[in-house]
Every structure is written in structure tokens, then in C-alpha cells.
There are 2 protein chains.
Amino acid sequence: MNAAPTPHLAIDLERMQANIARVAEAATERGIALRPHAKTHKTVEIGRMQVAAGAHGLSVATVGEAEVFAAAGLDDLFIAYPLWIDAAKAARLSAMTARGASVSIGVDSVEGVARLVHAGLAGRVAVRVEVDAGHHRSGCAPAAAGEVASAAARAGVDIEGVFSFPGHAYAPGARERAARDEAEALRVAADSMRAAGVPPQVISGGSTPSFAAALEIDSPVTELRPGVSVFGDAQQWELGTMAPEHVALTCHATVVSHAGGRLVLDAGSKVLGPDRAAWSTGHGRLLDHPEARIVQLSEHHAVVELPGVTTAALPALGSVVRVVPNHVCTAVNLVDELFVYDRGDDADPSARWSVAARGRNT
Amino acid sequence: MNAAPTPHLAIDLERMQANIARVAEAATERGIALRPHAKTHKTVEIGRMQVAAGAHGLSVATVGEAEVFAAAGLDDLFIAYPLWIDAAKAARLSAMTARGASVSIGVDSVEGVARLVHAGLAGRVAVRVEVDAGHHRSGCAPAAAGEVASAAARAGVDIEGVFSFPGHAYAPGARERAARDEAEALRVAADSMRAAGVPPQVISGGSTPSFAAALEIDSPVTELRPGVSVFGDAQQWELGTMAPEHVALTCHATVVSHAGGRLVLDAGSKVLGPDRAAWSTGHGRLLDHPEARIVQLSEHHAVVELPGVTTAALPALGSVVRVVPNHVCTAVNLVDELFVYDRGDDADPSARWSVAARGRNT
């Protein structure tokens with residue numbers, strides 16, 4: 001390779017399809033519904049493959065993302081966010097449902113319910129109550145789910161269920177604990193909703209790191225929403241959630257310098273994303289050189305160390321290497337197109353897909 | 001405020017124009033030419049204002065950025081990067097110069113010179129030799145500048161000068177030291193080029209943090225290339241390079257939750273950028289609450305702590321706050337439009353500018 005100009009984000013189609021199938025089978029075997037989080041790929045073609053593989057709809061992060069997928073006919077959507085509804089957002093949501101989309105949204109407070117009702121959305125969108133399972137971001141206390149749900153029910157809002165995002169699974173050794181925290185939070189929340197006379201139809205859990213654990217333990221979840229699992233990334237590799245041979249998205253980058261006996265690549269934070277968790281071993285990795293680490297990342301340069309490799313043995317100047325971004329959701333959000341390679345080592349892409357929901361932050 | 005949907009990136013036009021004027025005057029007073037780095041704003045309207053204020057051209061990071069500005073008539077351009085020239089890049093560069101643009105590019109090795117010549121660019125683009133001033137990214141050793149320049153001269157390539165980027169100025173207390181390192185590296189490099197019979201016409205230094213120091217010390221620089229100074233950001237605020245009253249770009253974000261006695265905002269890493277230097281005090285700050293810190297940042301949520309502020313005294317649910325991103329270059333690269341407010345506290349934007357060079361990574 002490489003005919004397409006670097007840097008660009010490249011999908012290994014064979015691997016991606018295998019990732020989609022593996023996750024779908026694991027969920028189906030246990031009778032769990034799948035609603036993959038499309039914020040990871042933001043791409044209509046990939047959403048269609050997930051639904052064809054058995055997903056019963058998609059999760060999205062914003063109204064803007066929902067609009068893109070709904071317009072493409074992928075219109076069974078859950079906006080997994082406690083939206084603050086103003087008149088403009090209400091009008092956009094109403095327009096989507098008027099065209100036949102099924103849209104549910106997150107809510108985590110009685111005030112949020114009141115706004116939604118005030119904006120005229122009762123009967124137009126369903127809600128799911130968000131509860132905090134230990135990530136401490138948004139979401140009400142699990143025991144308060146019944147109060148939020150009954151406020152919604154009294155106001156004529158459809159209650160679809162309850163959900164959480166166990167983001168604290170994003171740390172080494174944390175995924176089983178986070179899955180158990182989530183199971184317990186959702187159990188408490190569901191009980192609270194039943195006691196309030198508003199039993200949840202859907203009990204939804206999230207996250208790629210906690211996905212496998214959530215399937216193994218005794219959990220009340222009826223639906224899961226993994227996002228990153230479609231591609232994998234260096235974080236999942238280092239968390240042990242996905243092996244490097246499952247990584248289906250890389251950045252093709254050209255070696256532009258051997259300065260200091262290291263590789264300098266033409267890919268920086270503006271295509272890889274600058275994410276670096278405290279526990280990450282670097283700013284990203286090379287798929288074909290597991291020992292390599294990006295030790296320095298600027299906007300258009302990555303400096304890569306290959307321990308024990310002499311300058312003469314480095315990948316040659318002008319050659320193309322495959323970089324695994326730390327956090328694939330961030331990387332995808334930087335580009336307008338994904339280059340599709342039928343197999344990872346093909347010389348040329350067979351297609352380019354538009355990242356149609358890129359930058360839809362509102 | 002706020003009529004425009006949140007989150008969005010908002011320019012305070014009055015402050016931005018003052019930043020442009022202040023930097024231009026400081027350079028002009030000392031007889032230093034200015035070539036601001038347009039990778040920060042990627043916006044034609046802002047490039048035009050910089051040139052109108054006295055900049056003698058723009059710096060850019062990629063061929064794609066150069067194409068956008070050249071097409072808008074801002075065609076005195078330096079691509080401050082040791083480009084690895086392939087046939088496609090050579091054709092694009094030639095097309096720009098054939099249309100009358102003046103384009104110079106970085107080169108940091110004899111091999112790079114050879115590729116450029118092989119690609120037929122001798123006589124079409126000028127080069128500047130990049131030297132490493134202590135940031136240890138790209139750039140040859142300062143004493144090797146003469147060797148690279150004379151290889152270029154022998155091959156009939158125009159040598160415009162020498163440049164460096166003192167990126168190690170991005171740390172607390174480091175800017176004076178970095179400016180001195182850069183001055184010394186450029187002095188050695190310029191001497192090496194003179195000794196090789198290829199004296200530099202332009203001796204160019206970079207970086208917003210080192211800008212003021214570079215003007216104060218005895219330095220051989222004839223040109224400076226600050227980027228961030230047009231907007232400022234939380235990094236510059238914390239480095240002491242720009243005061244908060246000079247911050248001219250913020251993200252307008254809505255308070256969506258008070259969960260845990262903290263603010264949860266509808267702006268996350270997908271609009272603020274995930275950059276966080278080891279020395280940053282958080283994931284970003286609030287312009288109107290200097291004591292506040294973003295303590296947790298997800299893709300579409302920021303969690304903000306305001307020490308000593310009770311929940312009742314927090315900015316109200318549904319209100320809009322102004323977030324200062326850690327690294328403004330990364331934030332701007334996430335959005336398709338910048339919302340222009342004539343004054344920072346205006347209720348409505350007076351214009352929207354296209355981030356025309358966004359995502360031009362190749």
C-alpha cells in the first residue's frame with residue numbers, strides 16, 4: 001500500500017464485519033437486545049450493517065446524529081443523553097417523529113421531564129430514565145428513578161425504560177466491577193420504577209469494556225449499547241477488551257523522518273485525536289509493531305519509538321504504517337471520509353464512506 | 001445570550017481584533033516580520049484580518065490548508081512541515097504555484113531534498129531548513145543546516161531560510177528557556193548555512209508561549225509564527241502567556257444537569273477537544289468563573305466543579321456558560337463554523353464563518 005493520500009482513516013472491512021457479527025451473536029445467545037452506539041462510527045453504511053446483523057436500532061449522542069440516521073431510514077433511535085429541551089430541539093425532534101421515526105431520549109430529573117412536557121413532546125418521544133451506575137457524570141441516583149418516571153407518567157410521557165453508562169469500566173481491571181455496579185444500579189432503579197407503578201420495558205446498559213462481563217453476570221439488562229466494539233482501538237487493546245487482531249480501524253500514515261532514531265509520521269492529533277487516559281502506555285500504537293509506542297504527539301506529527309530497533313531497521317522513509325488511535329470515536333469525528341479496504345493489507349481502498357454525522361454536536 | 005444552538009464555538013470579535021493588533025504591533029516595533037500560523041483558525045476571514053494588520057503571509061501545516069488559503073487569494077504561504085513529497089503532493093504544489101502562489105516548504109534532510117527534486121519541484125517551491133531547537137520532533141541538528149541547504153542549492157532549489165518550532169515552550173516556566181534555545185539553534189544553523197555559502201534570508205521562529213520572550217532577547221530571528229495568540233486558550237491562560245481577558249474564543253454550552261452539586265454541560269471532547277497537558281489544572285475552564293475547573297470530560301458532557309459554590313448558587317439549569325478549551329487549535333478543528341459575536345456578551349452572533357481548512361490533513 002498505499003494509493004490514497006496519507007494520513008487517512010482506514011477500515012479493514014473483513015475485520016469490522018467479524019466484530020459486528022461476534023457482538024451480535026454474543027448478545028443474541030443470551031437473549032439480550034443490541035442497540036449499538038453509532039457515535040463511534042457516525043456512518044450510515046455501518047449502521048445498516050449493524051441492523052442487518054440483528055441490532056434492533058441504534059443509540060446516538062445528539063439530535064443532530066439522530067437526524068442523519070433517521071434521514072437514511074435508520075429511524076429506531078435512542079438519544080442516550082439527558083437532553084435539555086429548548087424550542088429548537090423540540091421542533092427538530094417533533095419533525096423526526098412526524099416523519100415516522102421512533103425516537104426516545106434520556107432524562108435524569110423531574111425538571112428535565114417538565115421541560116420536555118412544556119416543549120410539547122409528551123406523546124411524541126418516549127423517555128428512558130438515566131441513572132448513575134458509578135461513573136458520576138449525569139444520571140439520577142438509582143433509587144430516584146421511580147420519582148422521575150412517575151413525574152413523566154403523570155404528565156402523559158411514554159416511559160420506555162431505564163439506562164446507565166458504566167464509564168468507570170474504562171480503567172485497567174475495572175470492567176467486571178463496573179458491570180456489577182451497573183447491574184446493581186439498574187436493579188435498584190427498575191425496582192424503584194415498579195414500586196412507582198411505572199415498570200421499565202427496557203433496561204439498558206452500555207460500554208464496550210463492560211460488554212462481555214455484563215453478559216456473564218446475573219444482570220437485569222435487556223439491552224446493551226456497545227460503541228467502540230465495531231472498530232476497537234488502543235484503549236481496548238490495553239484494557240484487554242479487544243485483541244489487536246480485532247482492530248478494524250487504523251490511520252494509514254507515512255514515515256516522514258527518522259530524526260533521533262525514531263519514526264516521525266505525518267499523522268498527529270488532528271487525525272488520531274489527542275485522547276490519552278492516565279493508564280495509556282502512549283499516544284497510540286502501531287498495528288504491525290506491537291512493541292512500538294507513540295511517545296510524542298503534535299497536531300500533524302507522531303513520534304514513535306521502537307525499542308531495540310536500529311535506525312537502519314526502522315520502517316523506511318516514505319513507507320506507510322498502520323497506527324491504532326487510542327480512542328477511535330474521537331479519531332472518526334475528525335475526518336469527513338473513511339477509506340474502506342476489503343482486507344487490511346489491500347493496496348487500495350474499495351470505497352470511501354462519508355462520516356455523515358461528523359461534527360453534529362447539537 | 002443565547003439564540004444559537006449550543007454547543008458552538010464563539011468568537012469575541014472585539015477581543016480577537018485586539019489580539020491581532022497587539023501581536024502585530026509588538027513584532028513591527030522590533031522590526032520582526034509576522035507570519036501567523038493559520039492552523040489555529042483555519043478560517044479565511046481571520047487570515048485576511050491578520051494580513052491587513054501587517055502579517056506578510058501565513059504559515060500552514062499541510063498542502064490542503066495551503067490550497068484553501070491560496071484559493072482565497074492569501075497566497076504567500078509557508079508550509080511549516082518537512083513534507084514527504086510524493087507525485088500527488090508535487091502535482092498539487094505545482095498547481096498552486098502555477099496559479100501564482102508563493103509557496104515555501106520545510107525540509108530537514110538531504111533525502112527530503114532529493115525527493116523534492118525528483119518530484120520536479122526545484123524552481124517551483126522554495127525551501128526552509130527545519131532545525132530542532134530542543135522540542136525533539138522533526139528538524140535536523142542546527143549544525144547540519146548548511147549541509148541540507150547546500151544539497152538543495154546544488155540541485156537548483158531556492159533556499160529561503162531556516163526555521164524551528166520551540167514546542168518545549170509549552171510547560172510552566174519554560175518559555176524564556178525555550179526562546180533562548182531557539183535563538184541559539186537558529187544562530188548555529190544560520191552560521192552553518194553561511195559557511196556553506198547559502199545564507200538564510202529568513203530566520204523564522206515559532207510558538208505563542210515563546211513569542212514575547214523571543215522579542216525581548218538577543219535573537220537572530222527575522223520572522224515569528226505565533227498561532228494560538230489570535231484566540232488564546234486555557235493552556236495560554238495557565239502558562240501566563242495570555243490573560244483571561246484576552247481569550248477571544250469560547251465554547252457556548254448549556255447547563256443540562258446539577259447532578260452531584262456540579263455543573264454538567266452539553267459540551268464535551270467532541271467540541272472542546274480532549275487535549276490535556278500534564279500540567280493543566282483540568283480539562284478546560286469557564287471564562288466567567290475563574291475558580292471553576294472541568295474535572296471530567298466525555299464526548300458530549302463536561303462536568304464542572306465550582307469550589308465553595310452551593311447547588312442553589314450554580315449557574316441555572318438551561319443557562320449558557322462560556323467554556324475556554326485547553327487547546328484552541330484542536331477545538332476549532334472539530335467544527336465546521338465559528339459563530340462571530342461582535343462583543344463577547346452579545347445575545348446573538350452577527351455572522352458565521354466557515355472553518356474552510358478544517359480537516360485538511362493531507
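This is a predicted model: local features need pLDDT of at least 70, side-chain atom pairs count only at pLDDT 80 or more; totals for chains, interfaces and linings use all residues.
**Relation between the two chains**

- The contact between the chains involves 49 residues of chain A and 48 residues of chain B.
- On the side of chain A that touches chain B, at least two residues each are supplied by β4 (76-82), β10 (249-257), α10 (269-272) and α11 (328-332) of chain A, and by class this side holds 17 nonpolar, 22 polar and 10 charged residues.
- Because 98% of the interface residues of chain A are also interface residues in chain B, the copies meet through the same surface.

**Domains of chain A**

- The domain assignment divides chain A into domain 1 (13-227) and domain 2 (236-354), and the centres of these two domains of chain A, taken over C-alpha atoms, are separated by 31 Å.
- Domain 1 of chain A and domain 2 of chain A each bring 18 residues to the contact between them.
- On the side of domain 1 of chain A that touches domain 2 of chain A, the largest share, 5 residues, comes from helix α1 (residues 13-29) of chain A, while the residues of that side divide into 6 nonpolar, 6 polar and 6 charged.

**Nonpolar core and buried positions**

- The largest nonpolar core has 234 residues, and those that touch the most other members are F69(A), I79(A), L265(A), F69(B), I79(B) and L265(B).
- Leaving aside neighbours within four places in sequence, F69(B) is in contact with A38(B), V44(B), G47(B), L58(B), V60(B), L74(B), L77(B) and A357(B).
- A151(A) lies in helix α6 (residues 145-154) of chain A and counts as buried because it has 21 C-beta neighbours inside 10 Å, where 20 or more are required.
- When residues up to four places away in sequence are not counted, A151(A) touches V110(A) and V113(A); between A151(A) and M96(A), which are 55 residues apart along the chain, the C-alpha separation is 25 Å.

**Helix α7 in each chain**

- In chain A, helix α7 (residues 175-195) has 21 residues and reaches 30 Å from its first C-alpha to its last, close to the 30 Å expected at 1.5 Å a residue.
- In chain B, helix α7 (residues 175-195) likewise has 21 residues and a reach of 30 Å, close to the expected 30 Å, and just after α7(B) the residue G197(B) takes a positive phi of about 80°.

**Local backbone features**

- The peptide bond joining T6(A) and P7(A) is cis, with omega about -5°, and P7(A) sits in the segment before β1 (8-12) of chain A.
- A cis peptide bond also runs from T6(B) to P7(B), with omega near -5°, and P7(B) is found in the segment before β1 (8-12) of chain B.
- S207(A), a residue other than glycine, has a positive phi near 85°; S207(A) is placed in the loop between β8 (202-206) and α8 (211-216) of chain A and is buried, with 29 other C-beta atoms within 10 Å.
- In chain B, S207(B) has a positive phi near 85° and lies in the loop between β8 (202-206) and α8 (211-216) of chain B, where S207(B) counts as buried with 29 C-beta neighbours inside 10 Å.

Methods. Residues are numbered from 1 along each chain as its sequence is written. Chains are lettered from A and ligands numbered from 1 in the order in which they are written. Two residues are in contact if their C-beta atoms, placed from the backbone, lie within 7 Å. Helices (H or I, at least four residues) and strands (E, at least two) are DSSP runs, numbered from the N terminus. Ala, Val, Leu, Ile, Met, Phe, Trp, Tyr, Cys and Pro count as nonpolar, Asp, Glu, Lys and Arg as charged, and the others, Gly among them, as polar. A nonpolar core is a set of buried Ala, Val, Leu, Ile, Met, Phe, Trp, Tyr and Cys residues joined through C-beta atoms within 7 Å. A residue is buried if 20 or more other C-beta atoms lie within 10 Å of its own, exposed if 12 or fewer, and partly exposed in between; C-beta atoms are placed from the backbone. Domain bounds come from an automatic or database domain assignment. The expected span of a helix is 1.5 Å times one less than its number of residues.
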